Amino acid sequence: MRIIFIGPPGTGKGTQSNFITNKYSIPTISVGDILRSNTTQNNEYNKKINDIINEGKLVDDNTIVQLTKKRIHQIDCRKGFVLDGFPRTIPQAHALKNMNIKIDYVIQFELSYKLIIDRIKGRRIHIPSGRIYHKKYNPPKKENIDDITGQKLTVRKDDNEEKINKRIEEYQKYTLPLAEYYKKEEQLGYIKYYIINAQLTPLIIHKQLEKIFIQ
Ligand code: AMP
């Protein structure tokens, strides 16, 4: 089962991919998480990548494709994976196609601008695991503490209104054209393509995804 999630920030892609990873035992490949964990080593190159992320811009296609290609070919991905946040541009989608890895499902998450802002502003993350909380909608048992490890939660540097606007702008400019691209791929019978209303609760969306995957 090879799945792609596309959607603007704050639409629950990360939450759903964590569900899927637990339920079907296939890894989530979150390019954002990989980039964030790589940049803990403080060299010039990582600093440059970190700055791009913190400005809410997209990292260059070449870097992203190399990184994803390496990850997809690791042994734990042989039964499938969820790509959370890749591809995000048409050249990335072409690069994925050239890897000759058959994608089964493309799931697009949709949510209004107002709700995206609301979701992102309250978001708290546990960086080492990628676990995602929300101050109001999905609070941890203890304020600002990860339920499993007891470690501190973090607010991402790009999770503020100015950067969110930039990220949404980038999404509309570079990522949204993928919807047309994958609709065509569906017409050609290469993939199955679904749109999810991300306003629904995580549990309802989880159930919808389960239904899609058993069809
Ligand atoms: P995310 O955690 O998915 O919100 O990604 C955080 C940031 O990582 C994005 O705003 C980009 O700067 C970078 N990033 C993640 N995935 C990609 C991608 N596929 N292409 C380009 N940049 C990416």
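Guide: The questions and answers below concern this predicted model.

Visitor: In the largest nonpolar core, which residues touch the most other members?
Guide: The largest nonpolar core holds 30 residues. Elements that give two or more residues to this core include β1 (2–6), α3 (44–55), α5 (90–98) and α8 (177–187). The members that touch the most others are L96 and Y182.

Visitor: Leaving aside neighbours within four places in sequence, with which residues is L96 in contact?
Guide: Neighbours within four places in sequence are left aside here. On that basis, the contacts of L96 include I4, I72, L83 and F86. The list for L96 also includes P87, I101, I103 and Y182.

Visitor: Is Q16 buried or exposed?
Guide: Q16 lies in helix α1, which spans residues 13–24. Not counting residues up to four places away in sequence, Q16 touches F5, F109, P202, I205, H206 and L209. The cut-off for a buried residue is under 20% relative accessible area. Because its relative accessibility is 2%, Q16 counts as buried.

Visitor: What is the angle between the planes of Y181 and Y182?
Guide: Both Y181 and Y182 are buried. The two residues form an aromatic pair with a distance of 4.9 Å centre to centre. Planes over 60 degrees apart count as edge-to-face. The pair of Y181 and Y182 is edge-to-face, and the angle between its planes is 85 degrees.

Visitor: Which residues form one aromatic cluster?
Guide: The count of aromatic pairs comes to four. One aromatic cluster is formed by Y24, Y105 and F213.

Visitor: How far is a polar side-chain atom of R156 from an oxygen atom of the ligand?
Guide: A polar backbone atom of K57 is 2.5 Å from an oxygen atom of the ligand. An N or O atom in the side chain of R88 is 2.7 Å from a nitrogen atom of the ligand. For the polar side-chain atom of R156 and an oxygen atom of the ligand, the distance is 2.9 Å.

Visitor: What percentage of the accessible area of the ligand does the protein cover?
Guide: On its own, the ligand has 480 Å² of accessible area. The share of this area that the protein covers is 95%.

Visitor: How far does the backbone oxygen of R88 lie from a polar atom of the side chain of T175?
Guide: T175 lies in helix α7. With a relative accessible area of 3%, T175 is buried. Leaving aside neighbours within four places in sequence, T175 is in contact with P87, R88 and E170. Between the backbone oxygen of R88 and a polar atom of the T175 side chain, the distance is 2.8 Å.

Visitor: Where is the place of P87, and what is the peptide bond from F86 to P87?
Guide: P87 has its place in the loop between β3 and α5. Omega for the peptide bond from F86 to P87 is near -5 degrees. This bond is cis.

Visitor: Is N100 buried or exposed?
Guide: N100 lies in the loop between α5 and β4 (105–110). Although N100 is not a glycine, it has a positive phi of about 60 degrees. The cut-off for an exposed residue is over 50% relative accessible area. Since the relative accessibility of N100 is 71%, this residue counts as exposed.

Visitor: What is the phi of N144?
Guide: N144 has its place in the loop between β6 (131–134) and α7 (161–175). N144 is partly exposed, with a relative accessible area of 34%. N144 is not a glycine, yet its phi is positive, at about 65 degrees.

Visitor: How far apart in space are I195 and P128, C-alpha to C-alpha?
Guide: I195 is found in strand β7, residues 192–197, and is partly exposed at 44% relative accessible area. Not counting residues up to four places away in sequence, I195 touches Q108 and E110. In sequence, I195 and P128 are 67 residues apart. In space, the C-alpha to C-alpha distance between I195 and P128 is 30 Å.

Key:
Residues are numbered from 1 along each chain as its sequence is written. This is a predicted model: local features need pLDDT of at least 70, side-chain atom pairs count only at pLDDT 80 or more; totals for chains, interfaces and linings use all residues. Side-chain values use heavy atoms; hydrogens and water are left out. A nonpolar core is a set of buried Ala, Val, Leu, Ile, Met, Phe, Trp, Tyr and Cys residues joined through side-chain atoms within 4.5 Å. Buried means under 20% relative accessible area, exposed over 50%, partly exposed in between (1.4 Å probe, protein chains only). Helices (H or I, at least four residues) and strands (E, at least two) are DSSP runs, numbered from the N terminus. Contact means heavy atoms within 4.5 Å. Rings of Phe, Tyr and Trp (its six-membered ring) pair if their centres lie within 6.5 Å; planes under 30 degrees apart count as stacked, over 60 as edge-to-face and the rest as tilted. A polar contact is a pair of N or O atoms within 3.5 Å; within protein, one must be able to donate a hydrogen and the other to accept it, and residues adjacent in sequence count only if both atoms are side-chain atoms. Accessible areas come from the Shrake-Rupley method with a 1.4 Å probe; for residues, only the protein chains shown count as cover.
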